[in-house]
Amino acid sequence: MPRRAITAAVVALALPLSACGSGGDGGGSTDASGKVEGDITFQTWNLRANFKPYFEGLIADFEKEYPGTKVKWVDQPAEGYADKISADAAGGTLPDVVNVSPDLVAPLAKAGLALDLDKAAAKYKKEYLPGAWASHEIPGMEGTYAFPWYLNTGPLFYNKSLFKEAGLDASKPPKTYDELFDSAMELADKSDGKVATLANVPTIEDFGRYGVPLMNDGGTAFTFNDAKGVELLTKYKELYDAKALDSQALTATPESSGKKFLTGAVAMNPGSALDLGNFKKQAPSLYKNIGITDQITSTGKVNMYVMGVMVNAQTKRTPAAVAFAHYVTDAQNQMSFAKKVAIFPSTAGSLDDPYFTKEDGTDETRVRVAAAKSLKDAVNYTPVLFSEQMKTELRNSVAKALQGKESPKEALDNAAKACDRLLQQQG
């Protein structure tokens, strides 16, 4: 399955809030019950261009609610954010409040730099969806290390005209992996290899969706090289050989896959409600033939992406930092943000709002309503401990298997070994 359910526009937004402030020299307090006051710096990641009024309003409202606080807002470019976090952590300049994805919070929590919210902010836990609150737990550690912020997921889009041309029923898209693989082989065969069904190699969340156990219970070793993982990669090798998986899948990005779908070279691609406007504008003929179906999963649970807001355990302004991180992620502000861009709140009850439940006849709303419904029990399949380096190891091993340089079993065994080594180095 293609690897991301969020579009480039959301990727541009899906990048963290942090705060550059008092860090490092001497340690802070885990007690968030004192007076909310003092200066903190709030650093966003590539958000100012599209969301400046929203964040300026958010900050002004917070400062009004808590006289004596001052929030300085800094915006960073998207490139190299993980490296920046690492450098700040090593240099003692980590921001007071940092918007992180779960894999970014893990090394910070292990280094004692992320505040345990189960201790410092337990009273807020009930405000969030249980799965969202749990998304920043770290295997092998007690506690939760970030407030959940926004979630994302999306459907699979498919090109009905390509299905029809191959003699497939466009009103019955594949619902299971077996159906997906059969349809893909049929499309490749009928088009003499000109139309691939998928544009991306399988990634860790695809193994998760397929029902592969990704890690052992203790979080000390990866297990995606088991028989089910080998089965999935073997299927992808068959697709690749038959040109049912795009020939450029080994180097594909979400953007390049999206372009292939736009031009009719690929029959299926994941996406979000934002994509529909893009299709309408850039490819009206595709838009007329667009099919919308659920993510394919063997587990009954779709994949979700989650962002969180972490408090630096070393901050000198613990009450203000916790209050601000909570404020950014409370139900009212999440709902307000979700209406500006196609993301979904992690707060309990928010997904029952008519905005996420009521159809109005448009495809955009249909996608939003379906996604919101699926998020209530969605899973972030990417293990919290699965780092960017590990993603690269897996991708390289998958490429070797698809090219026939290693068997699927050898490739996954080697990837699991390499990821286990990296896991040991993490600590």
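In this predicted model, helix 18 (residues 388-402) and helix 19 (residues 408-426) approach each other, their axes coming within 8 Å. The axes cross at roughly 165°. Angles over 145 degrees count as roughly antiparallel, so helix 18 and helix 19 are roughly antiparallel to each other. Their crossing is right-handed.

The contact draws on residues from both helices. Helix 18 contributes Q389, M390, E393, L394, S397 and A401. Helix 19 contributes P408, A411, L412, N414, A415, A418, C419, L422, L423 and Q426. By class, the contact of helix 18 with helix 19 holds eleven nonpolar residues, four polar residues and one charged residue.

Strand 4 spans residues 97-100. V97 and N99 point one way from this strand, while V98 and V100 point the other way. All of these residues are buried. Strand 4 is joined to strand 9 (residues 305-311) by four bridges, and the two strands run antiparallel. M310 in strand 9 is the bridge partner of V98. G308, also in strand 9, stands opposite V100.

Conventions. Residues numbered from 1 in each chain as written. Predicted model: local features only at pLDDT ≥ 70, side-chain atom pairs only at ≥ 80, totals over all residues. Heavy atoms only, no water. Axes fitted to C-alpha atoms, helices over the stretch in contact; angles between N-to-C directions. Parallel < 35°, antiparallel > 145°, perpendicular 65-115°, else oblique. Left-handed = near helix turned anticlockwise from the far one by under 90°. Contact = heavy atoms within 4.5 Å. Nonpolar A, V, L, I, M, F, W, Y, C, P; charged D, E, K, R; others polar. Buried < 20%, exposed > 50% of the residue type's maximum accessible area, 1.4 Å probe, protein only. Pairing = 2+ DSSP bridges.
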